[in-house]
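Keep the structure open while you read.

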Amino acid sequence: MPSTYNSSAAEKTRENHAILNEFYPPLTLDKPRRSPMRELISTVLSHRTTHADEELAYDRMLDAFGDWAGVLAAPTAELAHAIRTTRWPDTQAPRIQEILRRIQAERGEFALDFLAEWPTEKGMAWLNDMPGIGLKTASLVMLFNFHKPVLPVDTHVHRIAQRVGMIGPKASADKAHQVLLEQLPKDALTLLNFHKHNYWHGQKICFYAKPDCARCPLKGFCNYYLEHYGPATPEALAATPNQWNTAWGELAH
């Protein structure tokens, strides 16, 4: 039975996944989109930065310094200049170099493939111990590259979870990692689709400002919709699209 506005947080989480899994294209656990090292460093660069600017910073960094050894050996000011399209290049440059320094010192090379063999909790703890690496970045690497059952909670996932009522209105992103994981199957494919579908939904429909509630398939149990528009009418529910229309725009990476 579909969730209602009075459903529990766990029921809303499960219904969110079921609906968005039909609304957006389903994903599979294929070859990762990029290498573990690139996923890690690119996610560091992406903080409060657009994907285009993150990609530009990454490309300029490797064009300027060649490889990870070159990035580590680069003058920090020159590295900051190379990644200047990120939000805080003067902070991110020494942070990236310290991450590289620690990986090389502990592993003897610039590689993270060993995480595939480690238990999930051990890998998450190791990544979280790195400077500037939080739960979101660690979860992205562990889920996308090694198919570990963890859930990245970015700003889009966090916003939707709060608006719908999957978490409390004051729950932090770190708290959301724990709460949402407890509400979903400990299955990497499920968690990948939940993350990406809510990520896309936050980018394309559930905007930070002026969300496109008329197009949203979650309106029948979303607290935000109830607060702003009242209970969804049968007509409003019937008019809601069932699937993402590619004419509305390309879905992000």
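This is a predicted model: local features need pLDDT of at least 70, side-chain atom pairs count only at pLDDT 80 or more; totals for chains, interfaces and linings use all residues.

**Helix α8**

- Of the 11 residues of α8, 9 are buried, so the rest of the structure largely encloses this helix.
- The buried residues are T137, A138, S139, L140, V141, M142, L143, F144 and N145.
- Just after α8 comes H147, with a positive phi of about 55 degrees.

**Helix α9**

- How many of the 10 residues of α9 are buried? The count is 8, so α9 is largely enclosed by the rest of the structure.
- Those buried residues are H156, V157, H158, R159, I160, A161, R163 and V164.
- They pack against α1 (9–23), α10 (173–183), α11 and α12.
- D154 caps the N-terminal end of α9. One of its side-chain oxygens lies 3.1 Å from the backbone nitrogen of H156.
- Just after α9, G165 has a positive phi of about 110 degrees.

## Helix pairs

Two packed helices are described by the angle between their axes and the distance between the axes. Look for both in each pair.

**α2 with α6**

- Helix α2 covers residues 36–45, and helix α6 covers residues 89–107.
- Their axes come within 10 Å and cross at roughly 155 degrees.
- An angle over 145 degrees counts as roughly antiparallel, so α2 is roughly antiparallel to α6.
- The crossing of these two helices is right-handed.
- From α2, the contact uses M37, L40, I41, V44 and L45. From α6, it uses Q92, I96, I99, L100 and I103.
- This contact between α2 and α6 has 9 nonpolar residues, 1 polar residue and no charged ones.

**α7 with α8**

- Helix α7 spans residues 120–128. It packs on α8 at an angle of about 130 degrees, with the axes 9 Å apart.
- That angle makes α7 oblique to α8.
- The crossing of α7 and α8 is right-handed.
- T120, G123, M124, L127 and N128 are the contact residues of α7. Their partners in α8 are L135, A138, S139, V141 and M142.
- The contact of α7 with α8 divides into 6 nonpolar and 4 polar residues, with no charged ones.

**α1 with α11**

- The axes of α1 and α11 come within 10 Å. They cross at roughly 75 degrees.
- Angles of 65 to 115 degrees count as roughly perpendicular, and therefore α1 and α11 are roughly perpendicular to each other.
- T13, N16, H17, L20 and N21 of α1 meet T190, N193, F194, H197, N198 and H201 of α11.
- What kinds of residue make up the contact of α1 with α11? They divide into 2 nonpolar, 9 polar and no charged.

## A histidine to find: H201

- H201 sits in helix α11.
- Is H201 buried or exposed? H201 is buried, with a relative accessible area of 0%.
- The side chains of H201 and Y24 are joined by a polar contact of 2.7 Å.
- Leaving aside residues up to four places away in sequence, H201 touches L20, Y24, I160, C206, C216, P217 and L218.

## Backbone exceptions in loops

Most residues other than glycine have a negative phi. The next two residues go against that pattern.

**H147**

- H147 is not a glycine, yet its phi is positive, at about 55 degrees.
- Where is H147? It lies in the loop between α8 (135–145) and α9 (155–164).
- H147 is partly exposed, because its relative accessible area is 30%.

**K210**

- K210 is not a glycine either, and its phi is positive at about 55 degrees.
- K210 is in the loop between α11 (188–204) and α12 (223–229).
- K210 is exposed, with a relative accessible area of 76%.

How values were computed. Residues are numbered from 1 along each chain as its sequence is written. Side-chain values use heavy atoms; hydrogens and water are left out. Helices (H or I, at least four residues) and strands (E, at least two) are DSSP runs, numbered from the N terminus. Buried means under 20% relative accessible area, exposed over 50%, partly exposed in between (1.4 Å probe, protein chains only). Axes are lines fitted to C-alpha atoms, for helices over the stretch in contact, and angles run from 0 to 180 degrees between N-to-C directions. Angles under 35 degrees count as roughly parallel, over 145 as roughly antiparallel, 65 to 115 as roughly perpendicular and the rest as oblique. A crossing is left-handed if the near helix is turned anticlockwise from the far one by less than a right angle, and right-handed if clockwise. Contact means heavy atoms within 4.5 Å. Ala, Val, Leu, Ile, Met, Phe, Trp, Tyr, Cys and Pro count as nonpolar, Asp, Glu, Lys and Arg as charged, and the others, Gly among them, as polar. A polar contact is a pair of N or O atoms within 3.5 Å; within protein, one must be able to donate a hydrogen and the other to accept it, and residues adjacent in sequence count only if both atoms are side-chain atoms.
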